[in-house]
Structures are given as structure tokens and as C-alpha cells.
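Take a look at the model below.

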Amino acid sequence: LGALREDFYYRIRVFEITLPPLRKRREDIPLLVQHFVTEGSRIHQRPVKDIAKDALHCLMSYPWPGNVRELKNAIDHAFVTMSGDFLTLLDLPPEIRHPFSSSLQQPSRSHLGGQEERQRILDALTQANGNRTYAAQLLGISRVSLWKKMRKYHFLPEP
């Protein structure tokens with residue numbers, strides 16, 4: 001399994017095409033996204049007017065270890081989660097929305113110092129453009145937990 005018969009390989013190897021990974025062809029991402037959105041609109045019978053700039057920026061900055069297939073899966077995921085006719089950042093899979101989530105989202109606070117947790121909260125708020133609900137989602141915590149942490153680190157005034 002996984003190997004071609006040698007004679008078959010030489011029959012089909014007429015011309016070799018070298019294609020660099022998607023992370024080295026970032027200029028192809030908008031075209032591929034548009035293609036997958038058009039294809040998804042047809043398959044899912046859901047017209048998409050456009051993709052949000054922050055969503056496209058996120059797609060452009062992701063390293064794409066799974067190459068084009070991973071990009072297609074991300075767009076397919078967006079079609080399942082989107083609620084309107086506009087593809088947004090929140091429609092993308094969480095691992096693509098914030099690939100550095102390991103630095104944002106920690107399962108346990110026990111090995112984090114206060115300064116590290118404070119910085120994670122600042123990073124999430126920055127990434128979410130101040131939207132606390134979205135920042136809480138990025139951190140993997142509830143809005144109430146984020147609100148309490150913001151009070152703890154003096155982002156909010158005491159009551």
C-alpha cells in the first residue's frame with residue numbers, strides 16, 4: 001500500500017510540476033477562497049455576498065500546514081456555522097481564527113503567572129478589537145470570567 005508500481009509511475013511521469021506549499025504562496029489564498037466560496041454557495045445553496053476583511057486577513061496569515069485541502073475545509077466549516085450571507089471571522093474554525101491559541105487558551109491557570117495571564121487577556125482584547133464577548137471566546141472562558149479577570153487586573157474599575 002502507498003506505493004505505485006514502478007512501470008506505472010514512469011508512464012505517468014511525463015512532466016513534473018513542482019508546487020510550493022500554500023504558506024509560500026500567500027497571494028493565491030484570496031483566489032482560492034473566492035473559488036471555494038463560489039463552490040460552497042452552489043453546493044450548500046447559500047449565496048455569500050462577501051467575506052469580511054478580518055476573516056480574509058486571518059486566512060492570509062495562517063500557516064496552512066494542511067495546504068489547500070485545509071483551506072477548503074475551513075471554508076466548508078464556515079458554510080456550516082455562518083448565519084447570514086456574509087462570511088465572518090467567527091465563522092472560521094477556532095484553530096484558524098487564532099492559531100496561537102495555545103498562548104491564549106490554557107486549560108489550566110496553575111502554571112501561569114499573573115503577568116502572563118494579564119498579557120493573554122490584553123492579547124485577546126486586542127485581537128477582538130475590544131469586543132469582550134469575542135475576547136472571552138478566544139480565551140475559551142465565559143464573558144463573566146473575562147469580566148472578573150479584567151477587574152482582577154484593573155482593566156475595569158472596582159464597584
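## Salt bridges

A salt bridge here is a side-chain nitrogen of Lys or Arg within 4 Å of a carboxyl oxygen of Asp or Glu. By this rule the count comes to eight salt bridges. The model is predicted, so local features need pLDDT of at least 70 and side-chain atom pairs count only at pLDDT 80 or more, while totals for chains, interfaces and linings use all residues. Residues are numbered from 1 along each chain as its sequence is written, and side-chain values use heavy atoms, with hydrogens and water left out.

One of the salt bridges joins Lys72 and Glu39, with the closest N and O atoms 3.6 Å apart. Lys72 lies in helix H4 (residues 67-81) and Glu39 in helix H2 (residues 29-44), so the pair ties together parts that are 33 residues apart in sequence. Helices are DSSP runs (H or I, at least four residues), numbered from the N terminus.

## A network around Glu117

Salt bridges link Glu117, Arg120, Lys149 and Lys152 in a network. Glu117 meets Lys149 at 2.7 Å, N to O. Glu117 lies in helix H7 and Lys149 in helix H9 (residues 143-152), so this pair ties together parts that are 32 residues apart in sequence. Glu117 also meets Lys152, at 3.6 Å, N to O. Lys152 lies in helix H9, so that pair ties together parts 35 residues apart in sequence.

How covered are these residues? Buried means under 20% relative accessible area, exposed over 50%, and partly exposed in between (1.4 Å probe, protein chains only). Glu117 is buried at 3%. Lys149 is buried at 11%. Lys152, at 48%, is partly exposed.

Helix H7 (residues 114-127) has 14 residues. From first C-alpha to last, H7 reaches 20 Å, close to the 20 Å expected at 1.5 Å a residue. The expected span is 1.5 Å times one less than the number of residues.

Which residues of H7 are buried? They are Glu117, Arg120, Ile121, Ala124 and Leu125. They cover an arc of only 130 degrees around the axis, which puts them on the same side of H7. That arc is taken from the directions from the helix axis to the C-beta atoms. The face turned away from the buried side carries the exposed residues Gln115 and Thr126. Just after H7, Asn129 takes a positive phi of about 55 degrees.

## Tyr9 in helix H1

Tyr9 sits in helix H1 (residues 6-12). At 35% relative accessibility, Tyr9 counts as partly exposed.

Terms used:
Helix = DSSP H or I, 4+ residues; strand = E, 2+ residues; numbered from the N terminus.
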